[in-house]
Amino acid sequence: VTWKAWEVLSVGDVLPFQFFYDGVAWALENNITSGTGPDEFSPYDSCLRSQVVTFLWRAAGKPKAESTVNPFVDVKSSDYFYEAVLWAVEKGITDGMDETHFEPDGVCNRSQVVTFLYRAFKEPPVGSTSNPFTDVPANKWYATPVLWAVKEGITDGVTETSFAPENPCTRAQVVTFLYRA
């Protein structure tokens, strides 16, 4: 990590000493996201499924989905996340909560976010990384994505032995994961 002078962000609830400062600064500078108000980023708010796929989509350069088929009754063409959802589903990054519902207002947990990232990076091999987390059983669908994210330095656990896969992922965590990825 290269030292840099701290700049004053346009949001007042993110300070230079916080672990997510660089991630938020990157996300704001690159239009991955904006704040939640004129002077706020709301770093500790839970991130919604619609927000996470939109952040990923914007970080990928806002690629156009090849298909215009929308299987979800809860995603409308007028929604800000419409293109992002079509792209994420087409690329296999995520799918709906069932065949006809994306659940855009559902809160994303830590295991879901690292899984979206892992899939966005085309599921790279993890190798022989040992699992330090007692709450990430090897047979869980998110085990490999969690180990990949830790190996790549995208995230750590909440403690040395706990990843907290079911904890809601905050806005600050999501943009920090993206920044590190």
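Which hand does the crossing of H2 and H6 have, left-handed or right-handed? I kept that question open while I got my bearings.

**Entry 1: ground rules.** I am reading a predicted model, where local features need pLDDT of at least 70, side-chain atom pairs count only at pLDDT 80 or more, and totals for chains, interfaces and linings use all residues. I number residues from 1 along each chain as its sequence is written, and side-chain values use heavy atoms, with hydrogens and water left out.

**Entry 2: confidence.** I looked up pLDDT, the predictor's confidence in each residue, from 0 to 100. The protein chain has a mean of 89, and 93% of its residues reach 70 or more. Residues 1–6 fall below 50, and this stretch has four contacts in the model beyond near neighbours in sequence. A contact here means heavy atoms within 4.5 Å. Where pLDDT is low, the predicted coordinates should not be read in detail.

**Entry 3: overall build.** I found six helices and zero strands in the protein chain. Helices (H or I, at least four residues) and strands (E, at least two) are DSSP runs, numbered from the N terminus. For the radius of gyration, taken over C-alpha atoms, the globule rule is 2.2 Å times the number of residues to the power 0.38. A compact globule of 181 residues would come near 16 Å, and the protein chain agrees, with 16 Å. Its C-alpha trace spans about 45 × 45 × 25 Å along the principal axes.

**Entry 4: H2 with H6.** Back to my opening question: the crossing of H2 and H6 is right-handed. That hand applies if the near helix is turned clockwise from the far one, and left-handed if anticlockwise by less than a right angle. Helix H2 (residues 49–59) packs on helix H6 (residues 171–180) at about 25 degrees, with axes 11 Å apart. Axes are lines fitted to C-alpha atoms, for helices over the stretch in contact, and angles run from 0 to 180 degrees between N-to-C directions. H2 is therefore roughly parallel to H6; the cut-offs are under 35 degrees for roughly parallel, over 145 for roughly antiparallel, 65 to 115 for roughly perpendicular, and oblique for the rest. Among the contact residues I noted Phe-55 of H2 and Val-174 of H6.

**Entry 5: H2 with H4.** H2 also packs with helix H4 (residues 110–120), at about 30 degrees and with axes 11 Å apart. That makes this pair roughly parallel, and the crossing of H2 and H4 is right-handed. Arg-49, Val-52, Val-53 and Leu-56 in H2 meet Gln-112, Val-113, Phe-116, Leu-117 and Ala-120 in H4.

**Entry 6: H1 with H6.** How do helix H1 (residues 21–29) and H6 cross? Their axes come within 8 Å and cross at roughly 80 degrees, so H1 and H6 are roughly perpendicular to each other. I saw Asp-22, Gly-23, Val-24, Trp-26 and Ala-27 in H1 meeting Val-175, Thr-176, Leu-178 and Tyr-179 in H6.
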